[in-house]
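Here is a quick tour for anyone meeting this protein for the first time. Have the sequence and the model side by side as you read.

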Amino acid sequence: MLDIIIPVYKAKETIKRLLYSIAIQKDINKFNVYLCVDNPLEDYQVEVDFFSKYYNIKQLKLDKNSGPGLARQYGINNSNGKYIVFMDADDYLYSPLSLYYLYNEIDSKNLDFVIGNFIYERDNEIKIMKKQYAAIDLGSNSCRLSIADENGEIVSDKRYDVLSVANYG
């Protein structure tokens with residue numbers, strides 16, 4: 001089983017595109033989706049009710065705004081799948097085979113980490129990232145994920161809070 005953890009904060013304008021892109025995935029019955037709502041004043045139950053006709057989806061609400069790192073951790077603590085996919089509320093899956101290929105790759109080769117091709121959009125520029133390289137630097141309380149394209153140009157460099165990922169599973 002693959003658990004998709006999505007931290008959500010003020011995402012009413014973008015979340016539906018992501019949820020629709022999940023709905024068209026092959027083998028959708030192998031996935032659970034967790035919307036980790038990082039704002040006690042927001043509610044996504046309408047979206048959860050609509051998409052629950054297509055796949056397993058659950059809204060998890062944090063008591064206070066704590067940031068995406070803690071929202072992801074809350075999702076990890078409430079999930080039980082064999083693998084985890086982190087997505088942001090403004091992401092979407094371009095192909096209906098995206099999760100199928102990632103799941104089969106990690107499961108058949110017993111890998112710890114996979115990253116697939118993606119489309120990178122910023123400032124009206126779109127790049128199709130077919131060959132990318134990921135570097136993970138695990139610290140005691142955070143993880144830095146740097147992604148470079150085939151030319152070595154850094155396209156994403158983010159730090160995520162990590163509290164107890166080692167306790168997962």
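## The overall layout

In what order do the elements of the chain run from the N terminus on? The run goes β-α-β-α-β-α-β-α-β-β-β-β-β, and the secondary structure comes to four helices and nine strands. Keep in mind that this is a predicted model.

The chain has 169 residues, and buried residues make up 40% of them. Its accessible surface comes to about 10,300 Å², with 49% of that belonging to carbon and sulfur atoms. If you take the contacts with a separation of 6 or more, 58% are between residues 24 or more positions apart.

In soluble globular proteins, nonpolar side chains tend to be buried together. Here, the largest nonpolar core has 27 residues. Ile4, Ile6, Ile15, Leu19, Ile22 and Leu35 are the ones with the most contacts inside it. Several elements each supply at least two residues of this core: the strands β1 (2-8), β2 (31-37) and β4 (83-86), plus the helices α1 (15-23), α2 (45-51) and α4 (98-109). There's also a second, separate core of seven residues, and Tyr34, Leu60, Leu62 and Ala71 are among them.

Which residues does Ile6 touch, leaving aside its neighbours within four places in sequence? Ile6 is in contact with Ile15, Leu18, Leu19 and Ile22, with Val33, Tyr34, Leu35 and Cys36, and with Met87, Asp88 and Ala89.

## A closer look at α4

Helix α4 has 12 residues and reaches 17 Å from its first C-alpha to its last. That is close to the 16 Å expected at 1.5 Å a residue.

Which residues of α4 are buried? They are Ser98, Leu99, Tyr103 and Ile106. Seen down the axis of α4, the buried residues fall within an arc of 115 degrees, so they line one face of the helix. What do the buried residues of α4 pack against? Their partners are β1, β2 and β4. Over on the face turned away from the buried side, you'll find the exposed residues Tyr101, Ser108 and Lys109. Just after α4 comes Asn110, which takes a positive phi of about 55 degrees.

## Two loop residues with positive phi

Lys10 is found in the loop between β1 and α1. Its phi is near 50 degrees, a positive value in a residue other than glycine. Is Lys10 buried or exposed? Lys10 counts as exposed because its relative accessible area is 61%, and the cut-off for exposed is over 50%.

Asp27 sits in the loop between α1 and β2, and its phi is near 60 degrees, again a positive value in a residue other than glycine. With a relative accessible area of 26%, Asp27 is partly exposed.

## Ser79, a buried loop residue

Now move to the loop between α3 (68-78) and β4, where Ser79 is found. Why does Ser79 count as buried? The reason is its relative accessibility of 11%, as buried means under 20%.

What does the side chain of Ser79 make a polar contact with? One partner is the side chain of Asp3, at 3.5 Å. The side chain of Ser79 also reaches the backbone oxygen of Ile76, at 3.1 Å.

Key
Residues numbered from 1 in each chain as written. Predicted model: local features only at pLDDT ≥ 70, side-chain atom pairs only at ≥ 80, totals over all residues. Heavy atoms only, no water. Core = buried A, V, L, I, M, F, W, Y, C linked by side-chain atoms within 4.5 Å. Buried < 20%, exposed > 50% of the residue type's maximum accessible area, 1.4 Å probe, protein only. Contact = heavy atoms within 4.5 Å. Areas by Shrake-Rupley, 256 points an atom, 1.4 Å probe, with all protein chains shown as cover. Expected span 1.5 Å × (residues − 1). Arc of directions from axis to C-beta. Polar contact = N/O pair within 3.5 Å; in protein donor to acceptor, adjacent residues only side chain to side chain.
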